[in-house]
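Visitor: Can you walk me through this one? I'd like to begin with the core.
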Amino acid sequence: MITVERLTKRYGGHPAVDDVSFTCEPGTVTGFLGPNGAGKSTTMRMICGLTPPTSGSATVGSTPYRRLGNPGRHVGVLLDASAQHSGRTGREVLSLAAITMGIDKREVPKALDRVGLNATAGKRRVRAYSLGMRQRLGLALALLGDPAVLILDEPANGLDPEGIYWMRGLLRDFADRGGTVLLSSHLLREVEAVADRLVVIGAGKIVAQGDKAELLAQSGTLVRAADPAALAMVLERAGLTGTRTTDGGVVVPTGSEVIGRAAADAGLVLLELRPAGSGGLEQMFLTLTAGDSVKEAVR
Ligand SMILES: Nc1ncnc2c1ncn2[C@@H]1O[C@H](COP(=O)(O)OP(=O)(O)OP(=O)(O)O)[C@@H](O)[C@H]1O
């Protein structure tokens, strides 16, 4: 369990993280989503005791990270895949961590195997690793102490599609066995595929959070008509404001019945009328965290 209460971090007068509160429950994957510079890394660094908060608090299993004895046995952390000493081999990185955590070194080959790094990769120096291999090594390190909680900052960066699919399976399995996962990304699709809950942050503030299915259900109705101009007029007359999707539909923040009746009254032929689902979440993400960097996030 991770509990974040009113965390705030100011740099100079600028709030990088502003009054952020959320919890991550055992058995769930929480997707921490926001565009570049939104405050995800700063929040995670505060949870892990690396950045002191200006105010507020964070606990892992009801204890502040810095007060955890042998923290690697409680929480696995991957904040920066390139933080490892580049002159060490993957095996050495894990062996040193095993000694620090009091873990049998025989666990090291198993840890490498768990993340798809073979014996040859384990003997190579980290400087020769691709970013994807570094992410895998970082994940092996996070999992080495058999923790109940995982905190991962953009772990899919540098992984190829097969690697991303593999990682989703690993995180899903970890949560299904009772683990708690907090996973950040600036890519909606990446998080949406694996998360049970979403926490969306924009400019340091939480802009939405909740159960993924509930957020999807709240995300409006997608409507598409044979005559888009006539649909626009019908919506306007009904006092509804929609957001155009890239493929010609309109997401309207209301239920399907209101739109269906308005269209029927106007004799308008509808081609599609359904819960907006992930398309709506995409629109919500764009609206809530409006800014240029967000355009990249929904690709
Ligand atoms: N050490 C620091 N000193 C000053 N400003 C900082 C520092 N660390 C972060 N910031 C600022 O805080 C804000 C939030 O940054 P943060 O790295 O937490 O965002 P992020 O959501 O993780 O983005 P990204 O995905 O780009 O890493 C940004 O405006 C950033 O410039």
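Guide: Terms come before the tour. A nonpolar core is a set of buried Ala, Val, Leu, Ile, Met, Phe, Trp, Tyr and Cys residues joined through C-beta atoms within 7 Å. Buried means 20 or more other C-beta atoms within 10 Å of a residue's own, exposed means 12 or fewer, and partly exposed is in between, with C-beta atoms placed from the backbone. This is a predicted model: local features need pLDDT of at least 70, side-chain atom pairs count only at pLDDT 80 or more, and totals for chains, interfaces and linings use all residues. Residues are numbered from 1 along each chain as its sequence is written.

Visitor: How many residues has the largest nonpolar core?
Guide: It has 67 residues. Those with the most contacts inside it are Ile 47, Leu 94, Ala 140, Ile 151, Leu 171 and Leu 183.

Visitor: Which helix gives the largest share of this core?
Guide: Helix H5, residues 131-144, with 8 residues. Helices here are DSSP runs (H or I, at least four residues) and strands are E runs of at least two, numbered from the N terminus.

Visitor: What lies apart from it?
Guide: Another core, of 13 residues, including Val 234 and Ile 259.

Visitor: New topic. Which residues are around the ligand?
Guide: Among them are Tyr 11, Lys 40, Ser 41, Thr 42 and His 186. Near means a C-beta atom, placed from the backbone, within 6 Å. Helix H1 (residues 40-47) gives the largest share of that shell, 3 residues.

Visitor: And the backbone: what is phi of Arg 6 near?
Guide: Near 50 degrees, a positive value in a residue other than glycine. Arg 6 is in strand E1, residues 2-11.

Visitor: Why does Arg 6 count as partly exposed?
Guide: Because it has 13 C-beta neighbours inside 10 Å.
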